[in-house]
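These are my notebook entries on one model. I looked up a few residues and then some helix pairs.

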Amino acid sequence: MTSQNNSRTVGIIGAGAWGTVFAQVLADAGSQVILFTPEPDVVDSINGYHTSRYVPAVTLPAQISATGNLQECVEGAKRIVVAVPSHAVESALSPLFGQIGDREVLSLVKGVRGGEFMSTIISRTLGLAEHQLSVLSGPNLAIEIAARQPANTVIANPDLERAKGWADVCANAYFRPYLSTDVRGCEIGGIVKNVIALAVGASAGMGLGTNTRSALITRGLAEMTRLGMAMGAQQETFLGLAGIGDLVTTCSSELSRNFTFGSNLGKGLSVSQAKVASKGVAEGAQCCQDVLDLANSLGVEMPITEAVVDVIHHGHSARQMGERLLGRPRKMDGVSLQIVD
Ligand SMILES: NC(=O)c1ccc[n+]([C@@H]2O[C@H](COP(=O)([O-])OP(=O)(O)OC[C@H]3O[C@@H](n4cnc5c(N)ncnc54)[C@H](O)[C@@H]3O)[C@@H](O)[C@H]2O)c1
Ligand SMILES: O=P(O)(O)OC[C@H](O)CO
């Protein structure tokens, strides 16, 4: 199947859980969508049966097709969405360097690597102009949205008209975008919440309850906000959908891969066993070291993140993580905006 070269055709690079469900969101809002994936069985399944193993038990709208040819995905598309995991962004996009022209691009990716945010890496890899890339982030568990359950999100671009353009294309009866100019804050929210969800998942896996969860969410919000403020983000972003909203969702649901990854660690699985058991990418495990490096380079204290890094990379157990956080010096309550709390 090929895309129609019209103003409502969107190409999505990456047909995992979120890319596929976002295709449904766009189709339900009136677009034709063409998904690119290097996995031939996924292409065949979408084109032949309107199904994908990434979203079981869902019948995809007929306006969605798939291709294993990257050029075919983008050539007829008016707008382009990036939906691969953070570790695959450069390899997936580099063949398209300089070929995007003036088309609008939207990143769904939640990750940081080598001190760089995905907006920076995607813009550089594709050779985009300033503000050509918008970022979408918020409490968006793909499987719930696949069932057309109501969800809000945030679309950010310093040029609000460009963010509005994307909101017009993806708003539908169950998907409501809010707007922001704070790209950096939205990206930080989408990254740090994954790291905190690993810690919350680990506590749940150990059999701990809601008090522990609330403590980690609240102190996690403090960490996220401190890092964001040190990087020039807006404080209110962290009290919105891309901050506390996504943090609560990811720390509350077994549909979250990060929560589940942490839960498996809490139950005693090793990091490599938890990775194998994971049904998709757990960006918090991929990115926690990068988040900590960023925090350290800015002198920002992130004790939960530090404890997660010790579990993921230095052989600490989930129990040791808990003991270490409980043994910290006394602190004042509330979200202190001092970088060292
Ligand atoms: N799943 C969700 O609920 C959800 C929600 C919001 C944001 N996100 C974010 O979206 C991003 C993608 O997550 P996902 O859930 O779709 O991942 P996933 O694990 O479900 O699927 C990853 C997809 O990327 C594809 N891929 C890997 N390398 C590729 C390459 N080089 N070129 C093209 N495709 C490649 C794989 O084939 C697969 O289709 C992540 O950063 C994630 O944090 C996910
Ligand atoms: O499944 P997770 O943990 O990657 O979370 C998915 C989304 O980011 C939730 O907003």
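**Entry: glutamate 90**

I began with the contacts of glutamate 90, leaving out residues up to four places away in sequence, and found Ile121 and Thr125. I count two residues as in contact if their C-beta atoms, placed from the backbone, lie within 7 Å. The model is a predicted one, so local features need pLDDT of at least 70, and side-chain atom pairs count only at pLDDT 80 or more, while totals for chains, interfaces and linings use all residues. Residues are numbered from 1 along each chain as its sequence is written, and chains are lettered from A and ligands numbered from 1 in the order in which they are written.

Glutamate 90 sits in helix α4, residues 89-93. Helices (H or I, at least four residues) and strands (E, at least two) are DSSP runs, numbered from the N terminus. Is glutamate 90 buried, partly exposed or exposed? I list glutamate 90 as partly exposed because it has 14 C-beta neighbours inside 10 Å. The cut-offs are 20 or more other C-beta atoms within 10 Å for buried, 12 or fewer for exposed, and in between for partly exposed, with C-beta atoms placed from the backbone. I also checked methionine 118: its C-alpha is 9.8 Å from that of glutamate 90, at a sequence separation of 28 residues.

**Entry: lysine 193**

UniProt, in an unreviewed entry, lists Lys193 under "active site". UniProt positions are in the numbering used here, feature names are shortened, and annotations may be inferred rather than shown by experiment. I located lysine 193 in helix α8. Lysine 193 counts as buried because it has 31 C-beta neighbours inside 10 Å. Leaving out residues up to four places away in sequence, lysine 193 touches Met224, Asp246, Leu247 and Thr250.

**Entry: the annotated domain**

The unreviewed UniProt entry gives residues 182-321 as "domain: Glycerol-3-phosphate dehydrogenase NAD-dependent C-terminal". I got 74% helix and 0% strand for residues 182-321, with 32 Å between the end C-alpha atoms.

**Entry: α8 against α13**

The axes of α8 and α13 are 8 Å apart, and the packing angle is about 110°. Axes are lines fitted to C-alpha atoms, for helices over the stretch in contact, and angles run from 0 to 180 degrees between N-to-C directions. I therefore log α8 and α13 as roughly perpendicular. Angles under 35 degrees count as roughly parallel, over 145 as roughly antiparallel, 65 to 115 as roughly perpendicular, and the rest as oblique.

From α8, Ile191, Val192, Asn194, Val195, Ala197 and Leu198 meet Glu283, Gly284, Ala285, Cys287, Cys288 and Val291 of α13. By class, this contact of α8 with α13 has nine nonpolar, two polar and one charged. Nonpolar is Ala, Val, Leu, Ile, Met, Phe, Trp, Tyr, Cys and Pro, charged is Asp, Glu, Lys and Arg, and polar is the others, Gly among them.

**Entry: α8 against α15**

I took helix α8 (residues 183-205) with helix α15 (residues 318-326): their axes come within 10 Å and cross at roughly 110°. That angle makes α8 roughly perpendicular to α15. Which residues meet here? Ala199, Ala202, Ser203 and Gly205 in α8 meet Ala318, Met321 and Gly322 in α15. I sorted the contact of α8 with α15 into four nonpolar, three polar and no charged residues.

**Entry: α13 against α14**

Last, I noted helix α13 (residues 283-298) and helix α14 (residues 303-314), with axes that come within 9 Å and cross at roughly 135°. That makes α13 oblique to α14.
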